[in-house]
Structure formats: C-alpha cells, structure tokens
Amino acid sequence: MKKTLLCSALLGSTLLSYSVGVHANWSLDLAVTNNYLFNGVSQTDKKPAFQPGLLWEAGNGFYAGFWGSNVDFGEGTKVEFDGYVGYYHQFNDVGLDVGLSQYTYHGRGHSSDLNFREVHLILNRNPYELSLWYSNDYFGFGGGHLVVKIARSFVLSPGWTLQAGLDRSHSFDKDSYDWEGKSGFFHAELVLSTDLAGFILSAGLHTTTLKERWGDDALVLSVSRAF
C-alpha cells in the first residue's frame, strides 16, 4: 500500500499533463553533497551522496515529482527513493504549499519496513518561511511525528543568499519512536548559497541538540544543476 503513491504520482502527472497541454513543465535536478542531512541527522553516515530529482509542474499550481539518494543506515539500506505531489498558490505576498510525500528505502529485504508517508504545509512571506511536516508512521515505527521549522533568508549581495533556520523534531509516542530517549530535539542551520554559471553552490553549518554521532555538528557542501 505504501508504494502506491509513487504510481499514483506518475499517473496523476500524466493525466494532468493532457489537461494543461503546453503549460506543463518538466525539470531535472542533479546534486552532489558531502553529507546528506535530514533535519540535521546524517542519512549517509557522514559520507557523500548523489541526489537526482525529477519535477513536473502543471502551470496551475499543481506539481509532482520523484527524488532519490544513496543512504547508509548501517544495516543494508542503501537507497532512498521518494515520490511526492502537491499544490502551490500565491496569496498576494504570502505563498502556500501543501503536499504529500512517500519515502521508500531499498537494500536488504527489511529496508522497506522503513517506508513512511508525510504531509507538509509551508507558508512563505519573504524573507520568512514557516514549514510543518507530519507523519503518523515515522520511518515505519508508528506514532505521530512532527517537524516544525522557521527560516529567514538574507540577501547579502547580488547572487549571494544566507538562510538561517531552526527546526524541532518531535515524537508524540516515545514508545514507538524516540530521540535518544527524549521526545524530540532541535536543529539549527546557516546556509550560504550562490548561482555560478547555472550551478547552485551552497555551504551550510548544522548543529543539533542530539549527543550521539548521528546528530554531530556538520559542514555540508553541495552543488546542484537544474536542466
């Protein structure tokens, strides 16, 4: 059942593309990073990652896509492959983004036990952004899980942007999923980015309130290009 969203996203994008005709738009994004962080926690055991993504936009606010990355959880799970659908609308100076994502994991036979769905709600009023992500079965462990993030962007000079962000990951059921015995943790980031000849270069400093190795302070460098 969990993997049906991937098929639904692709089918939905195909059907919608017929209805909107030339207004539909596809884009491919390729990225490499020295460390794949998910809410401040390394998904690659602090190793590099290659991350391709395919995005379809209908031209009327609806979008769908797929995204992938190598991962390393230490028990044979090697690949993450996600599908998502959503809708974006601009209300004067406030942007609203709502969507549903399906995370899937691949490797050994039990890797798919980590699969989970997540809904998101993002409000943007430049230069501020408020984001919420909720799953009722976080990484397949059951129990509700919420991530809340507030971020602010600063334009330092033409072509250079600094984003400061703070988020809280919170588990509503510690018996199903906990963070080092606690219900949650904080993650803070400072990310500097620029566009160089079509390549997006970024360098980010990340820290968490976690004490174990997965939440260590990290310098994340990445480069991406959209086609």
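**A close look at Ser 171**

Modeller: Neighbours within four places in sequence left aside, Ser 171 is in contact (heavy atoms within 4.5 Å) with Gly 144, His 145, Tyr 177 and Ser 183. This is a predicted model, in which local features need pLDDT of at least 70, side-chain atom pairs count only at pLDDT 80 or more, and totals for chains, interfaces and linings use all residues. Residues are numbered from 1 along each chain as its sequence is written, and side-chain values use heavy atoms, with hydrogens and water left out.

Ser 171 belongs to strand 11, residues 160–171; strands (E, at least two residues) and helices (H or I, at least four) are DSSP runs numbered from the N terminus. Ser 171 counts as buried because its relative accessibility is 5%, where buried means under 20% relative accessible area, exposed over 50% and partly exposed in between, with a 1.4 Å probe and protein chains only.

The Ser 171 side chain reaches two backbone oxygens: that of Tyr 177 at 2.5 Å and that of Asp 173 at 3.3 Å. Tyr 177 is also among the contacts listed for Ser 171.

For the setting, the protein has one helix and 14 strands. Of its 227 residues, 38% count as buried. Among contacts in the protein with a separation of 6 or more, 45% are between residues 24 or more positions apart.

Key. Polar contact = N/O pair within 3.5 Å; in protein donor to acceptor, adjacent residues only side chain to side chain.
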